[in-house]
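Me: I've got a structure here that I'd like to talk through. Can you take my questions one by one?

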Amino acid sequence: MSVNQQAHTGPPYGQPQPGYQGYQQPAYGGQSLPGVPQAQYGAYNGPVPGYQQPVPPQGYFPSLGFPSKGSPVSLNSDTSSLAPNFIGSLRAPPTSGAPPPASGASHPSGHLAYSQFDHGDVQNGIPASAAPVQRPPASQPFLPGSAPTPVSQISTFQQYGPPPASVQQLRNHMAGMTIGGTAASAPPPAGLGYGAPRPPAMPGPPLPGQTVAGPPSSQPNHISSPPPPSTMAGLHPGPPMSGLHGPPPPTHPPQPGYQMQQNGSFGQMRGPPPNYGGAYPGAPNYGSPPGPPPPPKRLDPDSIPSPQLNELPPQQKPRHRIDPDAIPSPIQVIEDDRNNRGSEPFVTGVRGQVPPLVTTNFLVKDQGNASPRYIRCTSYNIPCTSDMAKQSQVPLAAVIKPLAALPPEETVPYLVDHGESGPVRCNRCKAYMCPFMQFIEGGRRFQCCFCSCVTEVPPHYFQHLDHTGKRVDFYDRPELSLGSYEFLATVDYCKNNKFPSPPAFIFMIDVSYNAVKSGLVRLICEELKSLLDYLPREGNMEESAIRVGFVTYNKVLHFYNVKSSLAQPQMMVVSDVADMFVPLLDGFLVNVNESRTVIASLLDQIPEMFADTRETETVFAPVIQAGLEALKAAECAGKLFIFHTSLPIAEAPGKLKNRDDRKLINTDKEKTLFQPQTSFYNNLAKDCVAQGCCVDLFLFPNQYLDVATLGVVPYQTGGSIYKYAYFQLETDQYRFLNDLRRDVQKEVGFDAVMRVRTSTGIRATDFFGAFYMSNTTDVEMAGLDCDKTITVEFKHDDKLSEDSGALLQCALLYTSCAGQRRLRIHNLSLNCCTQLADLYRNCETDTLINYLAKYAYRGVLSSPVKTVRDALINQCAQILACYRKNCASPSSAGQLILPECMKLLPVYLNCVLKSDVLQPGPEVTTDDRAYVRQLVTSMDVAETNVFFYPRLLPLTKADVDSDSLPAAIRNSEERLSKGDIYLLENGLNIFVWVGVNVQQGLIQNLFGVSSFSQISNALSTLPVLENPFSKKVRAIVDMLQGQRSRYMKLIIVKQEDKLEMLFKHFLVEDKSLSGGASYVDFLCHMHKEIRQLLS
Ligand SMILES: [Zn+2]
């Protein structure tokens, strides 16, 4: 072990102290941020007379500069004013931008359907002879012009590596270095090894959402009208056809649910009843490699194509047996919900209410149940018995986002202080006081709504009851009248019976050759200089309580003393990485304002200091260990921000080898690609969780770096992973910096433990998300931010009653960013039913899909991917078969009948089945799959919704004079016109697709070039041009960026360009290149599965 500490060269004391008072904060990133304090929680100490009409929300702005989801949203959407006028009209075109349903018809605009143009008769899929197209990772860079080498072809690690210097030489070099010292030991600013240009000064590009005035989801309602809401409440869930396109079948009376007939009377399906031979012999074989003879074309229910369609020669012209417009449309369902439910606030006073869809813009009023922004359920009416639940196969699950950011119009949870004795709780089950507790005996006791135990009311909490049995202070106390609130925790809720210290952020920067050469090190250091002024603050505090520290590393670690009394920062090198320790305590974690000048000096010098580095190898586990040890020594929780570029192959604990092997795909060993290659990181994660050390990992790989293993600690500590493959300064810095800014600023709690209590009859049995569990009930997270969700599954352990319903209480104990220990409580009451029809009428498919995706993505860790896909299909077939058998009116077996609330289950399920994790195309890397798998596991319902079924907007249909978005269209190539420009977003990428026949004027206005051929698909942003169309499109892009938790990569796609294959991957209603079925085919397949179950 060698520790090299240089004596500091400046006088230790007497330095001007940059006290924070009076310090002028520089405008951040060129933007002046409003001086609004963040996250004000008014302490709620006892009754407040005016509580019934709470003061306007004090703001809960996790990221002031970067509008979080919903924050830029104006809730006065124009959908509300438009909606009523259109109700009742039927059979309008599906969307304003879509071609008419009939195949071969010309578009209203006179353009030919894209699918008819120059694509032969194969619309989805490429001939087997076609070379596979390079596709970037799901979220990540595609660098036109510099096609990345596929990982599988790389056999060495050091792609850019210069001849490595001798280890000893480097060690000596580092060890002897004094930062900013008088000795000229620092290398010259630019040297041989520093090839990348200095990044442009960060002028503070416009922040997402800031230039947008309008509500994000307001859409013109040119659409046909939705079925009236009453159909959902009726006995039969929904008329067969109302609100859908295509007339009701003349030969059949209206049936409940959604019908698809095979006699030709509906959906233009002709021919004999399908026998579903061919590639889908049954559920177990679905998605298996091709065995039977190649099936014919899509849209032919007689033979469902195999997943490997791309191996088929394109020969036959597709016969449109089923009209795609006659099957349930996600766009229509989303529009209907917006029109029906977007105008009224969602008031949570009633038990078991199904909230509006996540795609609907609505306001929530808390009247006793948690907002759907915090909790969404797969069903709001759950079966009374376990038998019923098993029969239906509908999973009972809640997707919980405990620290969700709210729009400014909504009130953040009040903070309740019950004094020294802490929150009032049930004696037996320890549930927290909530609106469902029953006060008895004149208010002296209360009966627990979860376990029925009777508990004495503490004297200080006693209050009289009114004639209805309600406490007279009911409306003055959030915990009696609201669904969500916080309690101030007492010392009993703290580790070691000691109130916590404020948390710390430690920035740990890879300074190996690749990181330096790409300009990344300089970029990060420049950014941190301003970003450190925007650390999360609490309440009215003038400055953040969070302390900061800095580490750089390659195969050794460099710690920095940035104590305010120093003239210059000091570096300490630890080269013995086998037994990591922190070489300094005093001066490592500091207050930003106090150490401002020293920190600035350090950040100036780091890029210079390593400019000539030739070190290509890195360590990884010791970096986390170092951060963990630093937090331990400081006795606080915190977050590590690690910026890392390569597979850690240097000799050290947690050293990894390249074990990527694409030959494992579709074998029983495929699961190993998702598993960590060593258990070392699992143990490290456990230690991190115990300390409250959360890890956020920013990856910049040029080749395989084993995300499955490197991600273990971030994942289990509640952290985030960001990946920027083939990072290039010019094209990727903006996106990275936006992610970093948001990540550093967002609302976050530390050292968190979540428990979900339930009323007798059901209990939480399974959990999905980024966390660690040391027992079966407590979800532990070293850190939990406002974007993270935990999906919880429930099972019966007894009978439920229709009278009392079922209750959930989610309690999250955490340390705030100022070091305050708190409990956040969310309560939700659900209905219970003895009739299956009630269950099916109160389901939410978006939430169901969130659960199913997480369930499947966890399954790939232990089962072959094909088994996981088959299980998903089987479960959904059982769900729909049970409905058909028990809830639908008798009808011929040839009819597919779907419950109204689940009519999108097949289309969405198909999107999950053919996602990169479950059915990767040849261009999807192992790291991409591991990355997406981990991302999805923490997603909320809105994120999974757009991730699996991307939003496709015809930009040329946008009204430049309004704030609204153009009406979305369905994700199919058939819907694209070659005369139009479209935008597609999935939460990770934004594509702008340009048709070959787009008018020259539009191209000029949007791209600033005179012709289609001159459009560069190397653009990572749209040019800023002063015309209404350019402004409108850029406003739309900014609006979408503002709604997502990550900054999306913008990719320009020209029709018939090579990149188009990448874009088509996201047209999820079509067959995919990786062999995923089209929507129509999959629906037929589901129908067959259901019929088999019923016969
Ligand atoms: Zn209880």
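Me: What arrangement do the four donor atoms around the zinc ion make?
Reply: Quick heads-up: this is a predicted model, where local features need pLDDT of at least 70, side-chain atom pairs count only at pLDDT 80 or more, and totals for chains, interfaces and linings use all residues. Residues are numbered from 1 along each chain as its sequence is written, and side-chain values use heavy atoms, with hydrogens and water left out. Four donors count as tetrahedral if all angles lie between 85 and 135 degrees. Here the angles are 102 to 114°, so the arrangement is tetrahedral.

Me: Which residues coordinate the zinc ion?
Reply: Donors are N, O and S atoms within 2.8 Å of the metal (3.2 Å for Na, K and Ca), and water is not among the atoms, so sites may look incomplete. In sequence, the donor residues follow the spacing C-x2-C-x18-C-x2-C. Their SG atoms sit at 2.2 to 2.3 Å, and the residues are Cys 426, Cys 429, Cys 448 and Cys 451.

Me: How many residues of strand β16 are buried?
Reply: Buried means under 20% relative accessible area (1.4 Å probe, protein chains only), and strands are DSSP runs of E, at least two residues, numbered from the N terminus. On one side of β16, Leu 557, Phe 559 and Asn 561 are buried, and on the other so are His 558 and Tyr 560. For β16 (residues 557–561), that's five of five.

Me: Which residue in β17 stands opposite Asn 561?
Reply: Two strands pair if DSSP finds at least two bridges between them. β16 and β17 (residues 570–574) pair antiparallel over five bridges. Opposite Asn 561 stands Gln 570.

Conventions
Four donors count as tetrahedral if all angles lie between 85 and 135 degrees; four count as square planar and six as octahedral if opposite donors are over 155 degrees apart and all others between 65 and 115; anything else is irregular. Buried means under 20% relative accessible area, exposed over 50%, partly exposed in between (1.4 Å probe, protein chains only). Helices (H or I, at least four residues) and strands (E, at least two) are DSSP runs, numbered from the N terminus.
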